[in-house]
Amino acid sequence: MEAALPISAAPDVRGSQPKQVRATAPSVSLPLRFMLTALVALFGAVAWIIANPSILAIYHYHQHVIAATHLVVLGFICTVVMGAMYQLVPVALETKLYSERLAKWQFVIHVIGFVGMVWMFNVWNMKQVGHFGSALALGVGLFVYNLARTLWRVPKWNIVATAITAALVWFSLTIFVGLSIAAAKCAYEATEGLATEEGVKQVVGGLRVVAGVVSRFDAIGAMHAHAHLGVVGFFVMLIVGVAYRLIPMFTLTEVQCKYRAGLSIVLLNIGIAGSVVTILLRSQWKPVFAATVVAGLAIFVWELWAMLRARKRPALDWGLKSFLAAVGMLIPVCILALVLSWPSLPMNQFFGMLENVYGFLGLFGVVTLAILGMLHKILPFLVWFGVYSPHVGRAQLPLTSQMVSERAQAGGLVTYLVGLLIISVAILRESEPGVRLGGLFLLVSLGLFGRNAVKVFSHFRNPQIKPLIAAKPAAV
Amino acid sequence: MSLNPLTEAVVLDALRQVLDPEIGMNIVELGLIYDVKIAGSGVHIAMTLTTAGCPMGESIRGGAEVALLNLPTVTEAQVELVFDPPWHPGMISPGAASPFD
């Protein structure tokens, strides 16, 4: 007997040849080790702000500020992004990770690299920053290679693949520029005695050339260009690109206008390229490229709004609300970007601190909050997959939404936003007690996040598996 | 004891035991079941996933197979994953809602 079709709302496919596909994702321990390490780094960074609030209440060209910033960007953001990409890129692009083994090695090298860099920035030993940075760069090379080989397998190229590829290019450039800045601050007298044919001498020679080029630009301009390459080129590009895949998956919707989505990525890329060059050269054209980035983000928000309006899943959980709050934080960050890009801006104390607010809101308001929002979705899924996937169809299993405390998630978001507000005001007022108070709010928020994470991970020890009950007829 | 005859409705009811853990909706209401064929005590279904690279793919496919084999009249169950046409949200059953929405 042949069943009558369509079943549910599915179309008739009896005429098509079915294709057997085996979906593959890396083992859950791979992304989880990145994510847990990242969360430890984030806790460390917030604790650092509370212990030493001057790192946000002074102008950011300071060794402790640079060390703390690298703890956030390399220790938290990069680590979590790398783990998430190893898991999500194969899912989002319907392919398979090239090498899980390579990813495990990259994790070890990355941790050694970022811990050493933060430590050496803090004591301002730039030569050692360069050495640990080279280890980190090796890890990034493995990461980019692994994902490039994964992207190579993508059966159908799309806007998400384009955004991820662009993000990887900007990330590689960020690392190169960062190492060049470190090289420009070092002397290489210890290598004078090396024979010319030795590899080390040739590498050092190359570094000297790069250092000579970087030295032509002012140090703060080079640092700002490096920061924008990493934060906008890598992190924001990924958030925008991956949102075009994850928001439809989580809210049951579709990209409403592919042209619009594509235009947002194109404008972002043009804006990033132009911004980095004009920041480096302190050019009058800075506002034009800042506006191009803002236009790309505005079009992204437009498409996001259209996707959410068309969603089939009406309720938004707290993970998505956190992500959308992060998208909302783009508004003050973009306004600050446009103001601070103005070429004739007086470089006084007020605008210096405004740059601090811009950097703080960019990192903690947009990128970190967006990542925490997505972690509210990803962590329960990974644990669910690790614990319950062999029992599907055999037993009643909890849903991922039942593995978390919504009250803790809601409380976490509110305290986080209050913390952001207090710290932003405190930075402008150069108030260390204010920064410390805001830091305490952030710590409470992270505590609530941690509490939820413990609840999620408790399913490894105490799985909630119940016997099946009789199937009920469809409510359709 | 008399067993219920094996019909498409019985098969679909059994498949409703398999839920997407993130969405909280069963695979029938999600519109993932494309075809049901019943031959004697054997059942063959063609189903899809919300995305071809879904890490849940193998467990959902296996879960659907177990749910079918749990039916007293089924001795053989085959679950085939197909991706043509690709799933889209318009395939969700009209009126279906996640229990947590």
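Author: Angles between elements run from 0 to 180 degrees between N-to-C directions, and the axes are lines fitted to C-alpha atoms. The model is predicted.

Reader: At about what angle does helix H2 of chain B run to E5(B)?
Author: Helix H2 of chain B covers residues 57–69. It lies across E4 and E5 of chain B. The angle of H2 to E5(B) is about 155°.

Reader: And at about what angle does helix H1 of chain B run to E3(B)?
Author: Helix H1 of chain B is made of residues 8–15. It lies across E3 and E4 of chain B. To E3(B) it runs at about 125°.

Reader: In what order do the elements of chain B run from the N terminus on?
Author: Chain B has two helices and five strands. Read from the N terminus, the order of its elements is α-β-β-β-β-α-β.

Reader: What percentage of the contacts in chain B with a separation of 6 or more is between residues 24 or more positions apart?
Author: Chain B has 101 residues, of which 52% count as buried. Among its contacts with a separation of 6 or more, the share from residues 24 or more positions apart is 61%.

Reader: Which strands of chain B stand at the edges of the sheet?
Author: The open sheet has three strands in the order E3-E4-E5 (chain B), with mixed pairing. An edge strand has a single partner strand, so one of its sides is left without a neighbour in the sheet. In chain B this applies to E3 (33–39) and E5 (76–81).

Reader: What is the average twist from one strand to the next?
Author: The sheet concerned is the open one with the order E3-E4-E5 in chain B. From one strand to the next, its twist averages 15°.

Reader: Which residue is the bridge partner of B:Ile38 in E4(B)?
Author: E3(B) and E4(B) pair in the antiparallel sense, over six bridges. Their hairpin has two residues between the strands, and B:Gly40 takes a positive phi near 65° there. In E4(B), B:Ile38 has as its bridge partner B:Val43.

Reader: Which residue of E5(B) is the bridge partner of B:His44?
Author: E4 of chain B (residues 42–47) runs parallel to E5(B), and six bridges join them. Along this pair, B:Gly42 stands opposite B:Glu76 and B:Val43 stands opposite B:Ala77. The bridge partner of B:His44 is B:Gln78.

Reader: Turning to chain A, are H6(A) and H9(A) roughly parallel or roughly antiparallel to each other?
Author: Helix H6 (residues 159–184) and helix H9 (residues 258–281) of chain A pack with their axes 10 Å apart. The angle between them is about 10°. Angles under 35 degrees count as roughly parallel. H6(A) and H9(A) are therefore roughly parallel.

Reader: How many residues of the contact of H6(A) with H9(A) are nonpolar?
Author: H6(A) contributes A:Ile159, A:Thr162, A:Ala163, A:Ala166 and A:Trp170 to the contact. H9(A) contributes A:Lys258, A:Ala261, A:Gly262, A:Ile265, A:Asn269 and A:Ile272. Three residues of the contact are polar and one is charged, while the number of nonpolar residues is seven.

Reader: Within what arc do the buried residues of H12(A) fall, seen down the axis?
Author: The buried residues of helix H12 (residues 330–340) of chain A are A:Leu330, A:Val333, A:Cys334 and A:Ala337. Seen down the axis, they line one face of the helix, because they fall within a limited arc of 95°.

Reader: Against which helices do the buried residues of H12(A) pack?
Author: The buried residues of H12(A) include A:Leu330 and A:Val333. The helices of chain A that they pack against are H10 (286–309), H11 (318–328) and H13 (349–388).

Reader: Is A:Leu413 buried or exposed?
Author: A:Leu413 is in helix H14 (residues 406–428) of chain A. A residue counts as buried if 20 or more other C-beta atoms lie within 10 Å of its own. A:Leu413 has 22 and is therefore buried.

Reader: How far apart in space are A:Leu413 and A:Ala325, C-alpha to C-alpha?
Author: Leaving aside neighbours within four places in sequence, A:Leu413 is in contact with A:Trp318, A:Lys321, A:Ser322 and A:Ala325. A:Ala325 and A:Leu413 are 88 residues apart in sequence. In space, C-alpha to C-alpha, they are apart by 8.7 Å.

Reader: With which residues is A:Leu372 in contact, leaving aside its neighbours within four places in sequence?
Author: A:Leu372 is in helix H13 of chain A. It counts as buried, because it has 26 C-beta neighbours inside 10 Å. Leaving aside its neighbours within four places in sequence, its contacts are A:Ser322 and A:Phe449.

Key:
Residues numbered from 1 in each chain as written. Chains lettered and ligands numbered in written order. Predicted model: local features only at pLDDT ≥ 70, side-chain atom pairs only at ≥ 80, totals over all residues. Helix = DSSP H or I, 4+ residues; strand = E, 2+ residues; numbered from the N terminus. Parallel < 35°, antiparallel > 145°, perpendicular 65-115°, else oblique. Contact = placed C-beta atoms within 7 Å. Nonpolar A, V, L, I, M, F, W, Y, C, P; charged D, E, K, R; others polar. Pairing = 2+ DSSP bridges. Buried ≥ 20, exposed ≤ 12 C-beta atoms within 10 Å, placed from the backbone. Arc of directions from axis to C-beta.
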